[in-house]
Amino acid sequence: QVQLVESGGGLVQAGDSLRLSCAASGRTFRMYAMGWFRQAPGKERDFVAGISGSGGSTYYADSVKGRFTCSRDNAKNSVFLQMNSLKPEDTAVYYCAAGSRYDAPEKYNCWGQGTQVTVSS
């Protein structure tokens, strides 16, 4: 099973941008669909974005479509989430995840420890 470590979270102002990174272990990284989820205080963990193993296909939650971009670098075992035009409602702990289908949130079964993103108004 792959191990995941997120980085890049922080405190930003509304309208700013932030880029999250996730480093994965293992030589089979390209076999995994990768995704990002987030969990705000008192709320359930929600799907944000997913990307296929090749990186050729992506899938986004409606709430972030047009603002967030998910990408991956299989040579570096890494996946990224570029977040633009951030809003206070984007504040959450963001988790990197690995799974078998990039567009099926229920198919993700391996998680990182999370990184905090806080957007002030």
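Predicted model: local features only at pLDDT ≥ 70, side-chain atom pairs only at ≥ 80, totals over all residues.
Which residue takes a positive phi in the hairpin of E4 and E5? Gly42 does, with a phi near 75°, in a hairpin that has 5 residues between the strands.

Residues are numbered from 1 along each chain as its sequence is written, and side-chain values use heavy atoms, with hydrogens and water left out.

**Strand E5 and its neighbours**

Strands E4 and E5 run antiparallel and are joined by 6 bridges, where two strands are said to pair if DSSP finds at least two bridges between them. Within this pairing, Met34 has Ile51 in E5 as its bridge partner. Ile51 also has a bridge partner in E6, namely Thr58, and E5 pairs with strand E6 (residues 58–60) in the antiparallel sense over 3 bridges. The hairpin formed by E5 and E6 has 6 residues between the strands, and Gly55 in its turn has a positive phi of about 85°. Strand E5 is mostly covered, since 5 of its 7 residues are buried; buried means under 20% relative accessible area, exposed over 50%, and partly exposed in between, with a 1.4 Å probe and protein chains only.

**The open sheet and Ser78**

An open sheet of 4 strands has the order E1-E3-E8-E7, with antiparallel pairing. Its edge strands are E1 (4–7) and E7, each of which pairs on one side only. From one strand to the next the twist averages 15°, with axes taken as lines fitted to C-alpha atoms, for helices over the stretch in contact, and angles running from 0 to 180 degrees between N-to-C directions. In general, the strands of a sheet pair through backbone hydrogen bonds, either parallel or antiparallel.

Strands E7 and E8 pair in the antiparallel sense over 6 bridges, and Asp73 stands opposite Ser78 in E8. Ser78 is buried, with a relative accessible area of 12%. Leaving aside residues up to four places away in sequence, Ser78 touches Cys22, Ala23, Phe29, Arg72 and Asp73, a contact being heavy atoms within 4.5 Å. A polar atom of the Ser78 side chain lies 2.9 Å from the backbone oxygen of Lys76.

**Cores**

The largest nonpolar core has 29 residues, of which Leu4, Trp36, Leu81, Met83 and Tyr94 touch the most other members. Such a core is a set of buried Ala, Val, Leu, Ile, Met, Phe, Trp, Tyr and Cys residues joined through side-chain atoms within 4.5 Å. Among the elements that give two or more residues to this core are strand E3 (18–24), strand E8 (78–83), strand E9 (92–99) and strand E11 (115–120). A second, separate core of 5 residues includes Ala33, Phe47, Ala97 and Tyr108. Tyr94, again not counting residues up to four places away in sequence, has contacts that include Glu6, Arg38, Phe68, Leu81 and Val117.

**Cysteines**

With a disulfide taken as a pair of cysteine sulfur atoms within 2.5 Å, the count comes to 1 disulfide. It joins Cys22 to Cys96, with an S to S distance of 2.1 Å. The torsion about the S-S bond of Cys22 and Cys96 is about -80°, so the disulfide is left-handed. Because Cys22 lies in strand E3 and Cys96 in strand E9, the pair ties together parts that are 74 residues apart in sequence. Cys70 is in no disulfide, and the nearest cysteine sulfur, that of Cys96, is 8.4 Å away. The sulfur of Cys110 is likewise 8.4 Å from the closest cysteine sulfur, in Cys96, which is too far for a bond. The relative accessible areas of these cysteines are tabulated below.

| Residue | Relative accessible area | State |
|---|---|---|
| Cys22 | 2% | buried |
| Cys96 | 0% | buried |
| Cys70 | 3% | buried |
| Cys110 | 8% | buried |

**An exposed loop residue**

Arg27 is found in the loop between E3 and E4 and is exposed, with a relative accessible area of 87%. The C-alpha atoms of Arg27 and Val119 are separated by 35 Å, the two residues being 92 residues apart along the chain.

Terms used. Polar contact = N/O pair within 3.5 Å; in protein donor to acceptor, adjacent residues only side chain to side chain.
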